[in-house]
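Subject: Structure handover

Hello,

Here is the structure we talked about. Please open it alongside these notes.

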Amino acid sequence: MTSTTNNLSIKLAEDTETLDEVVVVGYGVQKKVNLTGAVATVSAGKLESRATTNLSSSLSGLVSGVSVNQGSGKPGSDGANIRIRGIGTFNSSYLSPLVIVDGSEASISSVNSDDVESISFLKDAASAAIYGSRGANGVILITTKKGKKGQAPKITYSGIISNTKMSGKAFRFEDNYAEYMEMANRWATNRNYQAAGKYTQADIDEWREGLAKDPNGMDNPYGVPNYLAYPSTQWVDELFLSTTSQKHNVSVVGSSENTNYLLSFGYLDNPGTLKNTGLKNYSGRINIETQITKFLKVGTQTYATFQTREPGNTSFTYMYQNTPAVTPYHDGKYGVSVDGASTSNLLADVMSRGGSYDDTRLNTTWYAKVNILDGLTAEARFNYQTLFNETATYSRKVDKQNFRTGEIIPGVSSSTATTSRATTRYQNHTNTATINYAKTFGKHDISILLGTEQYYWNVKGFSATRTGLLDLDLPDFTAALDLLDPTLGGTAEQDYGVISYFGRLNYAYKNRYLLEANFRRDGSSRFGPDSRWGTFPSFSAAWRISEEPFMEKMKGIFSNLKLRASYGKLGNTTSGYYEWQATYGSVNYSFDGNVYDGLRQGKIANPNLHWESSESVDIGIDAGFLNNRLSLEADYYSRTTKGILASPSVYMTMGTVSAPTTNTSNMRNQGMEFTLRWTDRIKDFEYSISANFTYNKNRIVKYKGKYKEGWVTDENGNRSFVTNRGDVADVSGNTIRVEDHMFDEYYLWERHQGNGNIYLADGVTPDPNGGPRDGMIRTKADLDWVRAMLAYRDASGNKVYDFNGQSIGQGQGLWYGELVYADLNGDGMYGTNNNDRFFTGKSTTPKYTYGLNISAAWKGIDLNMTWAGNAGMYYYIFERGFNNMSEKSWQEGTIIARNARNIFYYSNPEAAATDPSYDPANDPTANINAPYPRIGNTETAYRANTGNLYNASYIKLKTLQIGYTFPKSWTTKAAISNLRVFVSGENLLTITNFPGVDPEMGGGGFTSYPIPRMFSGGVNITF
């Protein structure tokens, strides 16, 4: 174009690399543009150089429709929970997608992320139906690297060193012991002003003075430094410490004329942020493929791992059993509460167990591929897997000391020490045979796949614990004295098998109109002979509109435009291996004065038990604009799981026998997914921005019947409130499972929201809508309203109102700082029964999942960033150390919430009990606006309510990485073909209003191993 040019002509060349991209699908590969189902892919580039210690936790935020949440930071238990398009079953053992590694089912946690070439997510039934009964919750296909024909040998080393510390806002408890003592006293006097507090004012004053002194000074009565005499321990900071982890991988990849290969070795050392919980993992892989003849190719994909973990106690229930008056560790000994209130020491509890947990895994596949005729191939594969879990633990002698008095509290003795061993072996093998025919006839492309598969799985284990050791320094299992009878146990031998037949037909006309049909027929030993087989078909079609002649003039705008539609049926199995059969257990019985061994039925049989089936519909569009610089993928889906397997409750007249597992319910997930991506290059600067968003709506559409409740009037004119809740719903704790509602919806009471009045306009009749505005009795007017309501009688002299069966009094459930619950059904019973519980429309399942990925590169400098999050889920929190300090939940020697003085309600106990005119609203020492009830509130009066239901929506900066690749002109002189150094961070930032530790972990997280934040540096070198 010049200054005299009138017309500008631009020709966009087709991005053939994008169009020709090959995607791994079930038992094969397809071009991405020819896909008719909902398939998403993640390349190796998104996973490389990540400091994460488990592959699954690296997938968060990368793919629409896929929710990835890490529930723990404990080494070895830090794998993420993956859900594809919501929750599809009641069976918690089968919520996760099927994971296939190089054609065989495997654990995602066993895969070294440096070995991964690509990951495909099969999200709809059309793409997953080829896996039949195993693909109801989606399928993840992981393909590992291998050499490419003509590739010269390469040696690659990658190494990462990470500083690991606790991420998120650490949840801290009260660490000022003087404050702790005052709040402990308040726990007693709030219920009885005449009660003697546990701690004297002199004790409290001494401690406050001690904390104000020079920590290293000796000006105290105990002859030790002040920091030992008056400790102020924040246990979270003492337990979870900054550590250094490392991750290394070496691989050799290449090919000769007829053979390609990959050999890799990985090492991970993750000490964890809590002592005695570390992990070391060793992994090795061999992928070899050889062209034996022109028509025969054989190969193996084999990997092995060995993992050893330290056995520190991480149940974390002991987090509640602590006070700040303990120095955790000093001069080789663990401390106790210096005032004698407790001998517990959390760090000592963690260190009290020695030994290791060892896992040895082998996964090997051998295969042969035969080219029979032009376009006709056959393949046979055999996979064998075994996993040995070996445990060897023993009691450690951990002495404790009161650092004030010098008193030694000895640890376990040799006579009470225990030593344990356990071994569990899992093994399975799979035989697969397929035949594939692919041919092009003019404008017609046809591909046919037929196959069969046999799968067998087995587990068995043994465990034993012995008591008493000759010497604590000789804790070997064989050296035990058996001072008590050994405890024997283990895993009973169990097995199951599946036989499958499957097939797929692909047809394309002019590479424009695409059809695909899949089927699979599975037979499983987990079901009875008459219900053993299930058939799972799918059908899908796509129209590549961009290939139509009438779109030719719009090629400059539409690089790709495709409509997709699919329908399919998948299956799911039962969690048990013999659920269709009756089970029996041993029992002793008495006859004629003697005790005999007998059998009792444990579970009722159900020979008609059959597969869960999941029917899925998907409508999608794939669009590429401006030479595919801008792309859009959008899907609407509806997935209905029918015949969900569950064991319903039975009437108590059945005795101790359990109900049979039956096909009880249907559940539907509906939603929409969007992925929008922009990729461009401006001279030396290239960048990509990708955002994904998913909305999912979950509903139980069939259960035990429709839920009904309401008022009815009998023939005598008497009104009563009736409900069929007991017949059609299952209430478990704070959740309910019932038709026409989301899965495990929160089912709670609500706090009364009064108008502040005591009486109606007549000044005599109490106002049912009066009382405390937020449900907490805060003022004299609030308590007077309660008194008036309880005192009111109808014309017949009958009591009209009730508050959860509670009475008024300082030590009762109706007093200052106690809660009043809403009378939602209008029967005058305020929170007294389940009829005042209501459907909140909220659950722990997120409604929205989203991710943002940004990458950029300029002259060797690269940046990668991933954000991920969930929204629309809620967690119920009523925990000690946070918002619960009731009469029974708190005990001496246990935690107190930080800043308890300001967050729990308080009024003068003596004045409230003795002065009828006392009003906390006029008491400057009272804390009537606190969010939580009084310390020592009546536990039996408490109802799980929406005031403790918290929005857990969040977004996290999951990873940020900046690297630099040295110019090849520099590195080739040192025989280095690629050299890159980088710094990165994992779990860097969480944006949320959730008051718990980490919304990704779920619940409060106060007794969970926190997810680590990692700052890393590393190098990638290829020779």
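Four strands make an open sheet in the order S15-S16-S19-S20, with mixed pairing. Strand S15 (329–330) and strand S20 (408–409) are the edge strands, each with a single partner, so one side of each has no neighbour in the sheet. S19 (residues 400–401) and S20 run antiparallel and are joined by two bridges. There, Lys400 stands opposite Ile409 of S20. Strands here are DSSP E runs of at least two residues, helices are H or I runs of at least four, and both are numbered from the N terminus. Two strands count as paired if DSSP finds at least two bridges between them.

Some ground rules. This is a predicted model: local features need pLDDT of at least 70, side-chain atom pairs count only at pLDDT 80 or more, and totals for chains, interfaces and linings use all residues. Residues are numbered from 1 along each chain as its sequence is written, and side-chain values use heavy atoms, with hydrogens and water left out.

Hairpin and neighbour

Strand S32 (residues 662–682) and strand S33 (residues 685–702) run antiparallel, joined by 17 bridges. Arg677 stands opposite Ser690 in S33. The hairpin of S32 and S33 has two residues between the strands, and Lys683 takes a positive phi near 55 degrees. S33 also runs antiparallel to strand S40 (residues 848–858), with eleven bridges. In that pairing, Phe693 stands opposite Tyr850 of S40.

Salt bridges

The whole structure holds 49 salt bridges. The test is a side-chain nitrogen of Lys or Arg within 4 Å of a carboxyl oxygen of Asp or Glu. Here are some of them.

- Arg50 pairs with Glu986, with the closest N and O atoms 2.7 Å apart. Arg50 sits in the loop between strand S3 (39–43) and strand S4 (66–70), and Glu986 in strand S45 (residues 978–992), so the pair ties together parts 936 residues apart in sequence. Both Arg50 and Glu986 are buried (under 20% relative accessible area; exposed is over 50%, partly exposed in between; 1.4 Å probe, protein chains only).
- Asp998 pairs with Lys956, with the closest N and O atoms 2.9 Å apart. This pair links distant parts of the chain, 42 residues apart: Asp998 is in the loop between S45 and strand S46 (1012–1022), Lys956 in strand S44 (residues 954–965). Asp998 is buried at 4% relative accessibility. Lys956 is buried at 1%.
- Glu686 pairs with Arg681, with the closest N and O atoms 3.2 Å apart. Glu686 is partly exposed at 37% relative accessibility. Arg681 is exposed at 51%.
- A network of salt bridges links Arg85, Lys123, Lys562, Arg564, Asp618, Asp622, Asp635 and Glu673.

Surface patches

Patch residues have over 30% relative accessible area and no salt bridge; like charges are joined within 9 Å, nonpolar side chains (Val, Leu, Ile, Met, Phe, Trp, Tyr) within 5 Å. A nonpolar patch has about 870 Å² of accessible area together, and its members include Ile372, Leu450, Tyr501 and Trp533. Strand S17 (353–373), strand S22 (444–467) and strand S24 (494–509) each supply at least two of its residues. S24 gives the most, with three. Leu450 is found in strand S22 and is partly exposed at 43% relative accessibility.

Lys146, Lys148, Lys154 and Lys968 form a positive patch. Lys968 lies in helix H12 (residues 968–971).

Best wishes

Methods
Areas by Shrake-Rupley, 256 points an atom, 1.4 Å probe, with all protein chains shown as cover. Lys, Arg positive; Asp, Glu negative; His and termini not counted. Charge placed at Lys NZ, Arg CZ, Asp CG, Glu CD.
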